Structure formats: C-alpha cells, structure tokens
Amino acid sequence: MKSFSEFLGVTARIEALHRALQGGQFVHALLFLGPEGSGKRSIAELCALTLHCVSEDSARPCGCCAGCRAVLEHEHPDDLVLEARGVDDVRELLDTLSLKAFSSRARTVRIPRADALTPQAQNALLKTLEEPVANTFFLLGASDASAVLPTVRSRSQLFRMPVVSEIDIHRLLTERGVSGERLETALHLSGGVVGRALSLADDDRVLACRAQAIGLLSGTVERLRALREIEAAKMDVDTVLRILEALLHSALKDPASRHWASARLTPQEKIAALRAVEIGRRRLTSYVMASTVLTEVADHLG
C-alpha cells in the first residue's frame, strides 16, 4: 500500500489533505484533476483508507486493520466505487446511499472517471452534492476538467495533482533499472506524470517510434524509409512527433548533442522544424490524415 509521503514530489497540498483527513476536517466532495497516470486513483484510495481505518495509531491509514484490509480487497460495504458511466448506474448508487450505512464512521464514494459520466449522470449526482449526507464523502477523478459539468465542479473542492520533477522521475526509473534510450525517451515524454513514465519505459513500441523519429531527422533516404516504416507498422504518429519534438529541443539546448538533428540542421532550421511539429500535432487533433501530417513535417526537416 502506498502512503501519502511516498507520492513523488509531495507538495504542501498533499500533506494538508492528509492532515485534514486525520483531523476529521475533510470536505464532502473532492475532485482530483490530472492526466492519466498522475495518481488520482491512488490518492482517492488513500483517502478512503484513511476514512475507514479503525487503527488507534495516529499514522493512519495503517493498511493492516479490518477497515483498511476491506478497502484494499474491495470488500468494504461503505466504500462504493463507480466505474460505470450512465444515469441508471448513478441512480442505483444514490439508492444505495439512501440506505443506512453499515458503519457510523464514514461512507466513501469513489468515481475515478467522473469526466466519463454522461451529462445526465452528472446531473443526477447534483442534488446529493448540493445536500450532502452526513459522513458521506465523494472522491471524484477527472483527466479532462472541461468534461465535468461546471455545476459539479463548483460543488467540489478541486485538487490538481502535482507535476513531478524530471529529477525525481529520473531517480525512480533508474532505481527500477531503466537506462539508455528507454530512460531518455520515457523521461522526455512523461510530462511530469509518474504513471506515464513507467508505462513508456515498459513499452517497446516507444523505442520503435524513437528509431523512426531519428530516421526522419537523418538524410533523404533514411527519412523516406522512416515514413514508409511508420505507415507500414501503423505507429502512433503523435508519439513519433512528440519524440521528434524532444530530440529537437535537446539539440537546441545542447549544440554538442549526439542526435542527428544537431549535426545536420542549423539552429534556425531546428526552430522551423519545431514549429512544423507543433502545427502537425495540432492538425492531428483536427482529424487530418496522419500520413499527410508526417509528410508535411518531413518537408521541414531538409
């Protein structure tokens, strides 16, 4: 079981949240905001553990008592987890909340993907959020804040998950035996999100994307070969472009960089290539064909 202090880049906000939980001053609804892999599920589980922990020890949650074990094993009758998205699922949840709790201590409702709930489902939650039942605590999570209705956001206390420094992520990955290009790529693409860094470090497809990104930065023959390989292997073009972006940034910061870009492109050409990559990534979100975007970016690579 992870503890509050084990979150990388622990901030004053996380420490304050833990103190509020232990002191019985927890708000009735908390909305954790952050990208996938930022720890929203983990911190919501820790909150539930703290509220259901029956240990007399001041360092709650203990992870060992009957309350903690029941939460960890998904068997606590007063720790409700909603993974579904529809309005009927929310109404069923609310029917359960209308019944007497099994324990007088607390009841927790975890909705890890509140942003995936339909608008009708979110609206069904509103009355309960407006008029909270005593000792009932909602722990909501969202990667896309704009997908959560303003009325739901306004009735919850927002908690933005902290961005973790490159130094902390680098240390975590090296402690797990990650090194070389795998380490460098995961670090560049993580965006300060620990879960994303761990996933990238374990994904061989990312290394394949890196190889083709370097191919795009190479001579004409290698660039054409990379374009064919990316299309033939159905690689994720956004990942290729993000790696390309990281390589170009690295080459700009370090003129002695070993990347192909630093040897073949002038600083002005690197900046122009970066602009092309940024435009290309935006065009991908506008449903422009990936092959078209790649060709346009490649044209700016000499």
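**Reading contacts, cysteines, a helix and ring pairs**

User: Setting aside neighbours within four places in sequence, which residues is H76 in contact with?

Analyst: Leaving out those sequence neighbours, H76 is in contact with H52, G67, A70 and V71. Please keep in mind that this is a predicted model. H76 itself sits in the loop that runs between α3 (66-72) and β2 (79-81), and its side chain comes to 3.0 Å from the backbone nitrogen of D78.

User: Is H76 buried or exposed?

Analyst: Burial is judged from relative accessible area, with under 20% taken as buried. H76 has a relative accessibility of 14%, and therefore counts as buried.

User: How many disulfides does the structure hold?

Analyst: In general, a disulfide is a covalent bond that joins the sulfur atoms of two cysteines. This structure holds zero disulfides. C47 takes part in none, and the nearest cysteine sulfur, which belongs to C68, is 13 Å away. C64 is likewise in no disulfide, with the nearest cysteine sulfur, that of C62, 5.1 Å away. A pair would have to lie within 2.5 Å to be counted.

User: Which residues of α5 are buried, and what do they pack against?

Analyst: The general idea is that an α-helix has 3.6 residues a turn, so residues three or four places apart point the same way. Helix α5 covers residues 119-130, twelve in number, and from its first C-alpha to its last it reaches 16 Å, close to the 16 Å expected at 1.5 Å a residue. Its buried residues are A121, Q122, A124, L125, L126, T128 and L129, and these pack against β1 (29-33), α4 (87-97), β3 (107-111), β4 (136-142) and α6 (150-154).

User: How many aromatic pairs does a search of the whole structure find?

Analyst: A pair of aromatic rings is described by the distance between the centres and the angle between the planes. The search of the whole structure finds two such pairs. F26 and F137 form a tilted pair, at 5.7 Å centre to centre and with 50 degrees between the planes; F26 lies in the loop between α1 (12-22) and β1, while F137 is in strand β4, 111 residues apart. Both F26 and F137 are buried. The rings of F32 and F159 have centres 5.6 Å apart and planes at 65 degrees, so this pair is edge-to-face. It links F32 in strand β1 with F159 in strand β5 (residues 157-160), 127 residues apart. F32 is buried at a relative accessible area of 0%, and F159 is buried at 2%.

Terms used: Residues are numbered from 1 along each chain as its sequence is written. This is a predicted model: local features need pLDDT of at least 70, side-chain atom pairs count only at pLDDT 80 or more; totals for chains, interfaces and linings use all residues. Side-chain values use heavy atoms; hydrogens and water are left out. Helices (H or I, at least four residues) and strands (E, at least two) are DSSP runs, numbered from the N terminus. Buried means under 20% relative accessible area, exposed over 50%, partly exposed in between (1.4 Å probe, protein chains only). A polar contact is a pair of N or O atoms within 3.5 Å; within protein, one must be able to donate a hydrogen and the other to accept it, and residues adjacent in sequence count only if both atoms are side-chain atoms. Contact means heavy atoms within 4.5 Å. The expected span of a helix is 1.5 Å times one less than its number of residues. Rings of Phe, Tyr and Trp (its six-membered ring) pair if their centres lie within 6.5 Å; planes under 30 degrees apart count as stacked, over 60 as edge-to-face and the rest as tilted.
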